[in-house]
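Subject: Structure handover, domain contacts

Hello,

Here is the structure for your files. My notes on how its parts meet follow below.

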There are 2 protein chains.
Amino acid sequence: MDEVEEYRYEPKSVKELFVEMKNTVELMIDLAYASVLFGDKEMAEEVLELEERIDLLNYQLMSHAVLAARNVKEAEQIISILQIANAIEDISNAAGDLAKMILEGIELHPVIKEAIIEGEEIIGRIVVSPDSILVGRTLGELELATNTGVWIIAARRGKRWIFGPDKDFRIRAGDILIGRGTRTSIEQLKEIGRGVIRVIGNERA
Amino acid sequence: MDEVEEYRYEPKSVKELFVEMKNTVELMIDLAYASVLFGDKEMAEEVLELEERIDLLNYQLMSHAVLAARNVKEAEQIISILQIANAIEDISNAAGDLAKMILEGIELHPVIKEAIIEGEEIIGRIVVSPDSILVGRTLGELELATNTGVWIIAARRGKRWIFGPDKDFRIRAGDILIGRGTRTSIEQLKEIGRGVIRVIGNERA
């Protein structure tokens with residue numbers, strides 16, 4: 001039985017499915033922009049895998065939905081979930097379209113990368129040096145999104161990418177983090193990564 | 001001539017058009033979720049107005065594009081801009097679909113609001129009390145996105161909404177701010193708004 005454990009059916013609630021769809025599509029948009037910015041095909045591949053994941057989640061959500069409604073009022077409420085899920089799937093498809101441009105090796109206009117770096121929220125690359133106070137700590141301990149305004153969307157460790165690292169991800173020297181935030185917050189985190197700034201947000205207290 | 005000044009043609013570069021599209025669609029997604037969460041029709045209306053703005057920006061971008069290419073390589077690069085702009089327009093349409101649900105008064109399933117509050121990034125309402133250190137300061141001075149991890153996407157002042165307030169927006173006592181961030185960062189900013197926390201991010205130094 002152990003061999004098939006990874007295929008076991010994990011029943012999820014409508015809410016869990018819905019939260020996962022919402023989080024996944026946000027990660028997809030960020031990764032799609034990052035794949036364009038860095039011309040990175042592995043990130044683009046991940047976006048397409050997440051697009052399939054969204055399709056699966058949406059299918060599971062529909063399965064729940066068609067079994068759930070017992071009267072007209074409930075039907076209307078359940079349709080509202082399907083409508084939002086469809087909007088999320090549309091966004092997922094759009095992120096997939098961006099990623100496909102990278103995989104197809106289309107020649108990008110230089111203004112595209114400039115625009116991604118010029119937006120209100122930008123994508124940046126943070127290199128973690130051995131001196132950095134980030135080393136040896138988990139994302140959960142650091143709470144970078146709250147304390148620095150930067151969301152870590154991916155990390156490269158040697159040749160391996162980790163996409164959407166969770167709170168248990170422990171940063172090592174040499175890691176390259178891909179983050180989303182304001183220009184100022186990305187610059188601050190780069191300095192923290194380089195070991196120049198030795199405090200993080202509220203830790204300065 | 002003065003009377004028509006507001007209609008004057010403002011030529012924008014491809015980069016400016018593109019950056020504005022990217023920023024606008026991010027605001028639209030946030031406002032669409034916020035309109036769903038708070039059942040707020042004015043926010044939903046704003047999303048639909050921004051959807052029209054995206055259409056206009058995309059049209060202007062296409063006008064630039066068809067005039068610009070002088071050879072096959074340039075044509076391919078310019079097509080890449082149009083492809084990304086189309087993906088942004090698809091996302092804009094999806095945000096518009098969410099907003100229309102609110103305007104049409106569709107009965108929403110309770111799980112939808114729960115999911116928006118349960119996501120990794122949540123939308124929250126920050127009430128600014130007269131005691132708050134936010135009062136009298138501009139968003140530019142405060143750099144809330146960098147210092148607290150919360151993006152302010154809208155503000156209500158009395159009966160009036162300001163959507164996507166810029167760096168010159170000066171906060172007043174009684175303002176209600178709508179922000180996007182982690183649960184922790186939203187809770188912190190609520191305490192700052194209430195006057196309980198008297199420091200902001202790096203100001204603690």
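Domain bounds here come from an automatic or database domain assignment. On that basis chain A is split into domain 1, residues 8-110, and domain 2, residues 119-204. Please keep in mind that this is a predicted model.

Separation and contact area

The C-alpha centres of domain 1 and domain 2 of chain A are 26 Å apart. Eleven residues of domain 1 of chain A are in contact with twelve residues of domain 2 of chain A. Between them, the two domains of chain A bury about 970 Å², and carbon and sulfur atoms account for 70% of that area. On the domain 1 side, D30(A), F38(A) and E42(A) supply 46% of the area buried against domain 2 of chain A, more than any other three residues.

Polar and charged pairs

Three salt bridges are counted between domain 1 and domain 2 of chain A. As for individual pairs, D40(A) forms a salt bridge with R156(A), with the closest N and O atoms 4.0 Å apart. The count of residue pairs in polar contact between the two domains of chain A is two, both at pLDDT 80 or more.

Which elements of domain 1 of chain A give two or more residues to the side that touches domain 2 of chain A? They are α1 (14-38) and α2 (41-68) of chain A. Of the elements, α1(A) gives the most to that side, with seven residues. By class, the side of domain 1 of chain A that touches domain 2 of chain A has seven nonpolar and four charged residues, and no polar ones.

Regards

Technical notes. Residues numbered from 1 in each chain as written. Chains lettered and ligands numbered in written order. Predicted model: local features only at pLDDT ≥ 70, side-chain atom pairs only at ≥ 80, totals over all residues. Heavy atoms only, no water. Contact = heavy atoms within 4.5 Å. Buried area = accessible area lost by both parts, 1.4 Å probe. Salt bridge = Lys/Arg side-chain N within 4 Å of Asp/Glu carboxyl O. Polar contact = N/O pair within 3.5 Å; in protein donor to acceptor, adjacent residues only side chain to side chain. Helix = DSSP H or I, 4+ residues; strand = E, 2+ residues; numbered from the N terminus. Nonpolar A, V, L, I, M, F, W, Y, C, P; charged D, E, K, R; others polar.
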